[in-house]
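Welcome, and please have a look at the model below. This short report walks through a protein–DNA surface and then a pair of domains.

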2 protein chains.
Amino acid sequence: MDSEPKEGGDIKRLAPITLAEVAEAAGVGESTVSRVLRNEGSFSRKARDRVMEAVERLGYVPNRIAGTLASTGSRLVAFVIPSLSNIVFPDLLRGASGVLEANQHQAVFAVTDYDPGREEALVAAMLAWRPTAVMLAGFEHNEGTRKMLRASGRRVVEVLDVDGEPVDIAIGFSNRAAGQESAAFLLKRGYRRIGYVGHDLERDTRAGKRYESFCAALHTAGFPLVDRQINAGASSVESGRQGLGQLLARSPGLDAVYFSNDDMAIGGYFHCLARGISIPSQLAIFGYNGLDIGRATPQPLSTIRTPRVMTGQVAAELVVSNAPSQVVDLGFELIEGATA
Amino acid sequence: MDSEPKEGGDIKRLAPITLAEVAEAAGVGESTVSRVLRNEGSFSRKARDRVMEAVERLGYVPNRIAGTLASTGSRLVAFVIPSLSNIVFPDLLRGASGVLEANQHQAVFAVTDYDPGREEALVAAMLAWRPTAVMLAGFEHNEGTRKMLRASGRRVVEVLDVDGEPVDIAIGFSNRAAGQESAAFLLKRGYRRIGYVGHDLERDTRAGKRYESFCAALHTAGFPLVDRQINAGASSVESGRQGLGQLLARSPGLDAVYFSNDDMAIGGYFHCLARGISIPSQLAIFGYNGLDIGRATPQPLSTIRTPRVMTGQVAAELVVSNAPSQVVDLGFELIEGATA
DNA sequence: ATCAATTTTGGTAGCGCTGCCAAAATTTTC
DNA sequence: GAAAATTTTGGCAGCGCTACCAAAATTGAT
């Protein structure tokens, strides 16, 4: 094997087959081939058969680059997401990709790593493909990003949050309400000395919103947050485990801990298992996301289940159907579980 | 809000700015603008400044569709992956996307749901974008898929496996070796009555390869697999938990269980926790993947850690550098852990 | 100052397809 | 059977950009 990229045994062509070649081979005009392949306009059954035969025989694959340039609409949908480590985003992509594929669209994505500057650069790169829509996480974007999006003439969908002013469409659930309800639940259960373990809130602004409204609700109820441990970096099971260890070392009297998400909460759960802290009698644990793993633990995790996959589905559906600007609140479900 | 998609306050343009308009505004020729923006060929400092000023002022975003059609190479890399639920694939995408973004490429993806027919259709859809490369999981593809890929003139990268005949490039690790080493490890530790809990092996052919070579190794050693529980559907913690329950109900005398991956193994771990089965003295557990969560459990999971993110990185690097056809075995690492 | 070498510049022909239109073929109507 | 209505068809401009080339401007050598 040498540096030559391809040298494919049988079929060796530098340039792929073009529509003109198919037309030639089928003995029809280019327009007819185009119409048949897009199943648009009118053509005779005979023409159709001859075209299809030629397409088959030559192994023709249409060039969407050219097609897009000539027509309008790229049938590409761009996702500019903060991360792929946080299961939230694969779930979102999963929901969307099914719908997109069923509608002959393709998903393009790029990962910002929670950096608004990168987000701006990546949005620009994405817009260069003239996508049908751009999907972003949440509402916190640079002014430059927002301006570019507005000027782009593309659909813009901000997902996984509804607490903000959308550029065009927003689909998700209220992180503020989630934080508030989590607090209400813990209070209702009688917990009073409540702590928090979270990851980098500067970057994950949705987690930040949950935290803020959680604290506010506790405060209003007269039982303000006792202590918190906020670890740098992304959320992870390990971070949650260590975080709870550090928190409890400082504040041993806590009776419940709210985690920034389920990954962190599962880590906390493991800490308790390892230390023999009984849940929930000695310490209650509450998460966010409603991951599957939380249902398989010996005690099901108390958490809030968010419709992440459905967010992706609905986002994709609105985009392919060219729906009007709107905010769709898909809500969430509080899972009582057995850890709080 | 009504059905009108956009009506963006200030900037209202149906068609985005074109390069010709920038040239006009900057008082230079189109070619100059093109050269400046691609930073290719030569141009004076003065020309550069005028172009950049106009670009800035007009908010010009180049049209890559047109650029690609006129030149060669779309700077798109297509991923046709089986799933987004299995963390393996987000990890792969994560590794690749960083490298791609750093090299001005974009990732497009589609999800086959482990269906070779869908894979074929999606590969065709992807090839329509004339991507720089197509990345696929493993070697098990329809003949039609393979033929299309060979005829496409694109780079083809088959990832996450090296046990097979690549179309062009293969990067990953040996699933057969992993199965074999897992068996050797359990035997070395003295386990003799070994079972297996897995998910749908027809579809996840890489898990199937591990299973086969695991069984073969046990057989060779004279301690063939005692029993197995194979659940339909994708792998999940819940499936692993239930699977182990069913397996142990049938074969209570097992002293070790090999799981199709870490998700399943963690499920098994939870089953043991819930039933008070002590690990590893009563039952040993061994997984595959080396997920982070397995390091945070009270007893670290015994497993094989695979370089999934690095697979993505290397795949992307080879593609952007137009490396020759080759097979890259990234190997794996056996984590002794505390569960086996 | 003169001519050669070099750098910078703009015009223009496509890239492969779709959209438009008028021409050709077919069907319907009287 | 002729005229009108309808369906089917092919030619060609042009989508926005890059590649190529020749012309213009600048620099260097003598």
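This is a predicted model: local features need pLDDT of at least 70, side-chain atom pairs count only at pLDDT 80 or more; totals for chains, interfaces and linings use all residues.

Residues are numbered from 1 along each chain as its sequence is written, chains are lettered from A and ligands numbered from 1 in the order in which they are written, and side-chain values use heavy atoms, with hydrogens and water left out.

**The DNA surface**

Let us begin with DNA strand C, which has 23 residues around it; a residue counts as near when one of its heavy atoms lies within 4 Å of the strand. The closest are Leu19(A), Ser34(A), Tyr60(A), Ser31(B) and Ser44(B).

| Residue | Protein atom | Atom of DNA strand C | Distance |
|---|---|---|---|
| Ser34(A) | polar side-chain atom | phosphate oxygen | 2.4 Å |
| Gly29(B) | polar backbone atom | phosphate oxygen | 2.7 Å |
| Arg35(B) | polar side-chain atom | base oxygen | 2.7 Å |

The elements giving two or more residues to this surface are α1 (19-26), α2 (30-38) and α4 (64-70) of chain A, with α2 (30-38) and α4 (64-70) of chain B. Helices here are DSSP runs (H or I, at least four residues), numbered from the N terminus.

**Two domains of chain A**

Now to the domains: the assignment for chain A gives domain 1 (19-62), domain 2 (76-173 + 308-331) and domain 3 (175-305). The centres of domains 2 and 3 of chain A, taken over C-alpha atoms, are 28 Å apart. Their contact (heavy atoms within 4.5 Å) takes 16 residues from domain 2 and 13 residues from domain 3.

Together these two domains bury about 1200 Å², 39% of it on carbon and sulfur atoms; buried area is the accessible area (1.4 Å probe) lost on putting two parts together, summed over both. Tyr114(A), Asp163(A) and Arg308(A) supply 41% of the area that domain 2 buries against domain 3, more than any other three residues.

Three salt bridges cross this interface, each a side-chain nitrogen of Lys or Arg within 4 Å of a carboxyl oxygen of Asp or Glu. Asp161(A) forms a salt bridge with Lys209(A), their closest N and O atoms being 2.5 Å apart.

Conventions
A polar contact is a pair of N or O atoms within 3.5 Å; within protein, one must be able to donate a hydrogen and the other to accept it, and residues adjacent in sequence count only if both atoms are side-chain atoms. Domain bounds come from an automatic or database domain assignment.
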